[in-house]
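Please read the following walk through a two-chain complex with the structure open beside the text.

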2 protein chains.
Amino acid sequence: MTDSGIGGEDASAGWIAVAGLGPGDDALVTPEVTAALAEATDVVGYIPYVARVKPRPGLVLHASDNRVELDRAALALELAAQGHRVVVVSSGDPGVFAMASALFEALEAGRPAWRELDIRVLPGITAMLAAAARAGAPLGHDFCAINLSDNLKPWSVIEKRIRLAAEADFAMAFYNPRSRARPQGFVRVLEVLRQTCGEDRPILFARSVSTEEESLQIVSLGQSHAEMADMRTMVIVGSSTTRVIERAGRAILYTPRSLPKDAA
Amino acid sequence: MTDSGIGGEDASAGWIAVAGLGPGDDALVTPEVTAALAEATDVVGYIPYVARVKPRPGLVLHASDNRVELDRAALALELAAQGHRVVVVSSGDPGVFAMASALFEALEAGRPAWRELDIRVLPGITAMLAAAARAGAPLGHDFCAINLSDNLKPWSVIEKRIRLAAEADFAMAFYNPRSRARPQGFVRVLEVLRQTCGEDRPILFARSVSTEEESLQIVSLGQSHAEMADMRTMVIVGSSTTRVIERAGRAILYTPRSLPKDAA
């Protein structure tokens with residue numbers, strides 16, 4: 001933590017913006033987020049996300065490692081309480097499995113004065129929307145988003161949610177499919193999906209969308225295997241109505257807006 | 001449909017970008033979408049969304065009424081096949097209950113030559129992310145998105161999905177809560193939510209987020225009534241762990257990242 005000449009500022013001028021940087025390409029960062037970064041005195045976040053912010057004089061970059069989200073949130077709140085203009089950066093959208101919830105957890109547990117702060121959440125293009133756009137429109141009908149990181153919930157909850165989502169016939173977007181701590185988790189996810197959705201259901205593996213390392217694979221659940229995903233992969237499984245349009249070059253994966261007339 | 005001097009162009013240069021304009025504020029339009037609009041010869045879309053595009057010489061605006069999505073998609077495909085550079089505009093994200101699926105439905109049913117076209121989907125800030133950001137972070141844990149417009153699916157499917165989503169303990173984002181055709185639909189949605197989630201569960205009504213008419217209400221399901229929503233309202237219901245932080249000014253609605261330790 002550093003004050004770097006900002007300590008004398010009027011504390012009432014401090015604020016926090018929890019901002020989404022989108023999936024990687026600067027062309028997917030909203031002007032709202034760009035403007036907040038231009039006004040900031042401090043940027044707080046996970047190392048690779050802070051690395052996406054261009055350094056400039058007067059801007060202090062506070063990069064921290066993964067799994068210290070609450071410490072990071074407390075730092076941001078304390079800096080803002082001292083009058084700093086703080087942008088907390090997340091990849092994608094800050095409200096989807098990212099820093100906004102961590103910030104409010106720290107706020108609720110922390111000093112009463114923090115509740116007086118000016119706090120804004122600035123939305124961003126979350127990974128499932130970027131991945132869906134690259135593949136076509138697999139989320140064009142009802143869908144759900146499930147975080148497969150089992151640091152934050154037990155496997156039993158993940159399995160129950162997948163089974164209920166399959167019964168509801170949602171398309172499903174899976175964040176953090178492969179956890180270093182339990183590499184077998186995603187193997188079991190694919191087993192449950194094959195049981196509930198069948199071998200023919202299409203599944204998208206979209207890695208590092210909008211970056212130079214982007215790669216997309218659309219296969220059937222029967223053809224899928226866990227090694228198709230890593231920490232940078234977004235996985236989307238279609239609903240029963242999701243279709244693949246084959247064509248020269250890349251296939252298109254999309255879910256029609258309507259159910260068939262005989263659906264019930 | 002008009003050619004306005006573009007008919008002589010090389011057909012191979014035509015393309016379609018299905019672009020999301022975000023919830024309303026220009027500061028939430030990505031630079032990628034702005035760049036596509038700057039290169040376009042034609043903009044195709046629903047009247048109020050086309051009205052958000054600034055006219056300029058050489059840009060033809062094709063505005064059409066609601067419920068003609070497939071005709072609009074066919075127009076865009078045909079213009080691109082003739083060599084035009086076409087942006088199909090949606091509000092929010094084009095892949096979430098919007099024009100991308102309609103375009104691919106038309107593509108699949110249409111002329112084989114259309115499959116050769118250069119088609120991109122450009123993601124945008126969808127309404128649930130914008131609404132969630134304004135309220136805090138209600139979608140910070142697993143969630144689902146359900147379109148309540150019953151033009152496209154029967155009520156029985158909607159009810160089944162809500163019951164399963166409640167059993168899965170997803171936060172739920174509802175698009176198009178009130179349909180002119182069946183105003184009673186949302187009354188029944190609230191009844192099912194009270195039965196399955198209880199009277200105390202928080203619900204957010206976020207109207208016209210990021211525009212001058214923006215208004216937000218956070219109440220309990222017991223306090224909620226159908227008139228709190230209209231055609232411009234995004235509705236988000238929390239999961240069992242969603243919390244409200246009361247404070248001077250606006251309350252914060254958020255869902256913690258983790259489940260309680262005893263969850264199963």
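Which residue stands opposite Phe205(A) in S10(A)? Phe205(A) has Gln217(A) across from it in S10(A). The two strands concerned are S9 (residues 202-207) of chain A and S10(A), which run antiparallel and are joined by 6 bridges. Strands here are DSSP runs of E of at least two residues, helices are runs of H or I of at least four residues, and both are numbered from the N terminus. Two strands pair if DSSP finds at least two bridges between them.

This is a predicted model, in which local features need pLDDT of at least 70 and side-chain atom pairs count only at pLDDT 80 or more, while totals for chains, interfaces and linings use all residues. Residues are numbered from 1 along each chain as its sequence is written, and chains are lettered from A and ligands numbered from 1 in the order in which they are written.

Confidence comes next. pLDDT is the predictor's confidence in each residue, from 0 to 100. For chain A the mean pLDDT is 92, with 93% of residues at 70 or more. Over residues 1-9 of chain A, pLDDT stays under 50, and the model has 8 contacts beyond four places in sequence for this stretch. For the complex, the predictor gives an ipTM of 0.94 and a pTM of 0.94.

Chain A has two domains, domain 1 (11-125) and domain 2 (128-254), with bounds from an automatic or database domain assignment. Their C-alpha centres lie 29 Å apart. Between them, 7 residues of domain 1 of chain A are in contact with 9 residues of domain 2 of chain A; contact requires the C-beta atoms, placed from the backbone, to lie within 7 Å.

An open sheet in chain A has 5 strands in the order S3-S2-S4-S1-S5, with parallel pairing. Strand S3 (60-64) and strand S5 (118-122) of chain A each have a single partner strand, so each edge strand has one side without a neighbour in the sheet. From one strand to the next, the twist averages 15°. Strand S1 (residues 15-20) and strand S4 (residues 85-90) of chain A pair in the parallel sense over 6 bridges, and Ile16(A) has Val86(A) as its bridge partner in S4(A). Helix H1 (residues 31-39) of chain A packs on this sheet and touches S1, S4 and S5 of chain A, with its direction at about 140° to that of S1(A). Such angles run from 0 to 180 degrees between N-to-C directions, using lines fitted to C-alpha atoms, for helices over the stretch in contact.

The strands S9(A) and S10(A) belong to an open sheet of 10 strands with mixed pairing, in the order S10(A)-S9(A)-S11(A)-S8(A)-S7(A)-S7(B)-S8(B)-S11(B)-S9(B)-S10(B). Where the chains meet in this sheet, strand S7 (residues 143-147) of chain A pairs with strand S7 (residues 143-147) of chain B in the antiparallel sense over 3 bridges. Cys144(A) has Cys144(B) as its bridge partner in S7(B).

A rotation of 180° with 0.0 Å of shift along its axis superposes chain A on chain B (RMSD 0.0 Å), which is the relation of a two-fold axis. The superposition is by least squares on the C-alpha atoms of residues with pLDDT of at least 70 in both copies. Cys144(A) is the residue of chain A that comes closest to the rotation axis, at 1.9 Å (C-alpha). The contact takes 62 residues from chain A and 62 residues from chain B.

Note on methods:
Contact = placed C-beta atoms within 7 Å.
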